[in-house]
Amino acid sequence: MDTILVIGGVILVIAVGVLILAAALRSMRPQPPEPQTYTPSPTMGRSVAATSTSTASASALSPTAIAEIDRLVAAGQKIQAIKVYRENTGVRLQEAKDRIDHWSVSTTAPHLAAVSNASAAYSSITATPSSVRGALAASVAAEVDRLVAADQKIHAIKLVREHTGLGLKASKDVVEAWPVQRHS
């Protein structure tokens, strides 16, 4: 009878051990990742409800400011877009950064996407020397002509960037393709 109790005890210990091992292995299984959603920073100065929707924060902006931010975001100039957003809303840096990181031209201002104040030089379409020349003031275009002819391309790139808002690469591409105006 003692051997039956010992065997029963061993079986019971083994069964409990198997259950504990199964529970431990089940908890070690890799879990599918949870979907990521945008949540505003908890350190924001304004209420989260007012800033978490794109229409609420965009409504505080003028159509001109929205068009400018659209242009900057489309051109990949996030820092300048953050500056414009902060200047027009007065929000803290972190809130402006979060907003611009999630800025979408089509959903933020769909009514302005079709009727943008941006000229061809400011659009997200590849800029060409002729489109940029048309968007520049005559005196600026003449200065770019002079700089390209004098082989001062770095200064020409800076001038194009300054007057068009294009990024460095786009400005460089425009200046590289700029026709040289030789004065006889």
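**Exercise 1. Identify the residues that are linked in a network of salt bridges.**

Solution. K78, K97 and D101 are linked in such a network. A salt bridge is a side-chain nitrogen of Lys or Arg within 4 Å of a carboxyl oxygen of Asp or Glu. The model is predicted: local features need pLDDT of at least 70, side-chain atom pairs count only at pLDDT 80 or more, and totals for chains, interfaces and linings use all residues. Residues are numbered from 1 along each chain as its sequence is written, and side-chain values use heavy atoms, with hydrogens and water left out.

**Exercise 2. Characterise the salt bridge between K78 and D101.**

Step 1. The N to O distance of this pair is 3.5 Å.

Step 2. K78 belongs to helix α5 (residues 78–89) and D101 to helix α6 (residues 93–101), so the bridge links distant parts of the chain, 23 residues apart. Helices are DSSP runs of H or I with at least four residues, numbered from the N terminus.

Step 3. K78 has a relative accessible area of 43% and is partly exposed; D101, at 31%, is also partly exposed. Buried means under 20% relative accessible area, exposed over 50%, and partly exposed in between (1.4 Å probe, protein chains only).

**Exercise 3. Describe the salt bridges of E176 with K153 and of K169 with D173.**

Step 1. In the pair E176 and K153, the closest N and O atoms are 3.7 Å apart. E176 lies in helix α12 and K153 in helix α11, so the bridge ties together parts that are 23 residues apart in sequence.

Step 2. For K169 and D173, the closest N and O atoms are 3.1 Å apart. Both residues lie in helix α12, four residues apart, about one turn of the helix.

Step 3. K169 counts as exposed at 60% relative accessibility, whereas D173 is partly exposed at 37%.

Step 4. By the stated rule, the count comes to six salt bridges.

**Exercise 4. Determine which members of the largest nonpolar core touch the most other members.**

Step 1. A nonpolar core is a set of buried Ala, Val, Leu, Ile, Met, Phe, Trp, Tyr and Cys residues joined through side-chain atoms within 4.5 Å.

Step 2. Of the 16 residues in the largest core, V132, L136, V144 and W178 touch the most other members. Helices α10 (138–149), α11 (153–164) and α12 (168–177) each supply at least two residues of this core, and α10 gives the most, with five.

Step 3. A second, separate core has 13 residues, among them L61, A65, A81 and I100.
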